[in-house]
Structures are given as structure tokens and as C-alpha cells.
Amino acid sequence: MTIAPHLDARLDGLPDYPFARLAKLLGAPAKPDSIVMSIGEPQHKPPAMVAEVLAANAGLWGKYPPANGPAELRRAVVDWAGRRYGLPEGLIDPEKAVLPVAGTREALYLIAQAVCGDRGGERPLVLLPNPFYQVYAGAAVMAGAHPVFVPGAEGPASQPDYSTLPPDLLDRTALAYLCSPANPQGMVADAALLERQVLTARKHGFVLAADECYSEIWDKAPPPGVLATCAALGEGLANVMMFNSLSKRSSVPGLRSGVVVGDETVIHAFARLRSYGGAATPLPIAAAASALWRDEAHVVESNDLYRAKLDAAERILGGRFGFYRPAGGFFLWLDVGDGEAAAVKLWREGNIRVLPGAYLAAEDSEDGNPGSRFIRVALVHDLATTESALTRLAEILGG
């Protein structure tokens, strides 16, 4: 007699991941000639320095990397943050406040394991925007916390303001995720909102996890960041963890190189957790990452291409589907009436793969799913491909 193993029942509380849901909806995998605009995978040519540095450091593949990354990578991140946000020297201790990670998805997931402990017998809460990056919800559920979906303060294309929530709810909160520029809507949290979020986290004793993976892709002005907010407020990096990645900034999603910067006490606990279950960054990859964080020329070049694609999108879609130019990131958040129906129609008639907005949002008891009317379109291809795909999209969906 074989007794089946007992699985964690919390897994049943997780919805299918968005791309699994999309595959089920469309009923067929992408073909070689499909235009895949469903996933935020940058297709810009990676900087030449990546291959050069990897080759120059090939001898290091035979060494186990340190769990907290080499000192040079941590220093490169501190120097970048100082230049980017005008931070005072000493705000970020590269030994105690910086932790390289194998891409930010793992880190955004694991942070909940580190901070969602027992709070006097009450189940901890995790705040997250709605719409949201699905990893946030999975992290909350698997950490034994209760996810609280907070709508945008001004509708589904805006940022949430956690400072407006009831104090008793905030007192139960262990972790709050904030994504700026937002995935999927591209909205940026301004300096005033960031200040309110940080002060609220400090007042109620929770960790603010600032997902800033799209911070270096922007249209008119570089988005403010939570590290600059901390510098302005004082008290160091208390209660704040900033997550960033080279995947979007440097068009190297396959490098799997991200970083967490923040509260030294939380970083210490997080590093201890990751020493058991996290993947350390291989030394050749760390060397390439260090070079990328120290170079801005390739970021400027990539951003110019994203702006050209936004220009094309505005020309082709302007005045339709609720189009607006996102302040940051490379997603269009288009109102097509029924996101699932539009995704199926684009796939069947145009060989274009987009993601229904409902797969990036949770049901609201009052208004239903705030993403149900939308599709997310990733402008990750070259300009010509993007123009062709958007023209086809407009023709198929009308509007």
C-alpha cells in the first residue's frame, strides 16, 4: 500500500500563474513567428561588455560564490545608488545593507518568509497593490499571512496609498509591497506618496518592500526612489527594503542578477534565510553585474529605443483603448472592454500574444476584478516589430 505524501494545503490557495492561465486560455503555445508581447522580457541587444566580462572571468566558474556576493558588486550597487539618487555618503553600508540576489522574483518572494512572523497570535497581513505582480500574493500566502489587496487611490491605473488604511489593519501588517514604476500600469509613486508610505511603515512597524525593477526605464523624468526618501527623512533605511534588477535596466533577463538594499537588521535576517534557501550569484555573473551597474551609456541607449516605441504607440493607438504614455516601464495598459476576449482575438487573428489584465489583479468585493477590462502589452521588441504589432492590434480590436 502506497500512502500519498501530504502537500502544503496553502498551495491550493494560489491561483494558476498568469502565463499558465494564458496558455490554457489560448490553447496553444507561441509559434516561432508569433509576436510575444505577454511577457516583460526585454529583447534589446545586451551590452557587449556582458560577454566580454563573462569570458574574462571564466576561471571563476569553478568557485562557490559567497552568499552575500563579492564586495566589488556590493560597492558598485552603492555607487550607482549614490549617483542615481544623490544619496549622502554613508547612507548605505555595502557590508550590512546590500544583498545581491539571483533575480528579484526570488527575493520578493522570500522576503515574506523573513518578516511575516507571529504577531501576538494574529495572522499577519501583507499589503499589495491591485493590480499587482503575482509573486507578491504567492509570497504572502505561503508565508502564512493574509494578503490585503489595496486598489489604486485614483482607480486601476494609479498607485495605492497605504497611509489611508485603518490603523488597526496597519498594526497587523508585517509587509507591504509597492511597485514603482508600476507593473502593469507604468504609474510612478511621487516623492510625497513615497514619504507617506515610509512614514506609515515606520509608525506601524512593518517592512515596506519597494519593487523598483523598472526604475531605469522612464519617459519624461527619472522616477523618484525610496532610497532618496529615506535620505530626506533621516533614520537611515529603517523599515525599508528596495529591490532592483539588471533584467530590465540592462536588457539581460537571462543573467538573473538583482539586488536588495535596505534596513540592516532586516538584511541580516534575510541573508540568514537565504543562506539556507537562496541562490548565490556566480562570480563571473557578479563581475558582469558590477560592470553593468557602473555603466550608464547602455541604459541611455536602451531608454531612447523605449521612447521611440512609446512614440509609435501614441501615434498608432492615441485616442483609443484609454491609451496613455506610461511614466515608467515598458507596458501598455489598454482598456479593451474584455481582456480575455481581446487576448483570444489577437492570438487567433493576429498571432499576437498579450496578457489579460484580470490575470494581474484580484477580485474586489465591490467592483469585481479591476483588471478585467484591460490587456497588458509589453513593448520589448525592436521598433519595426513593435510598430507592426500595434498596427495589427488596432486593426483587429477596432476602437
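Where does Pro184 lie? Pro184 sits in the loop between strand S5 (173–179) and helix H7 (191–204), and the legends below visit this spot and others.

This is a predicted model, in which local features need pLDDT of at least 70, side-chain atom pairs count only at pLDDT 80 or more, and totals for chains, interfaces and linings use all residues. Residues are numbered from 1 along each chain as its sequence is written, and side-chain values use heavy atoms, with hydrogens and water left out.

**View 1. Helices H3 and H11 pack together.** Here H3 (residues 71–85) meets H11 (residues 283–293) at an angle of about 15°, with axes 9 Å apart. That makes the pair roughly parallel (angles under 35 degrees). Helices are DSSP runs of H or I with at least four residues, and strands are runs of E with at least two.

View 2. Most peptide bonds are trans.

**View 3. Glu235 and Asn351 have positive phi.** Glu235 has phi near 65° and belongs to the loop between helix H8 (226–233) and strand S7 (240–245). Glu235 is exposed at 65% relative accessibility, whereas Asn351, with phi of about 60°, is buried at 13%. Buried means under 20% relative accessible area and exposed over 50%, using a 1.4 Å probe and protein chains only.

Key: Axes fitted to C-alpha atoms, helices over the stretch in contact; angles between N-to-C directions. Parallel < 35°, antiparallel > 145°, perpendicular 65-115°, else oblique.
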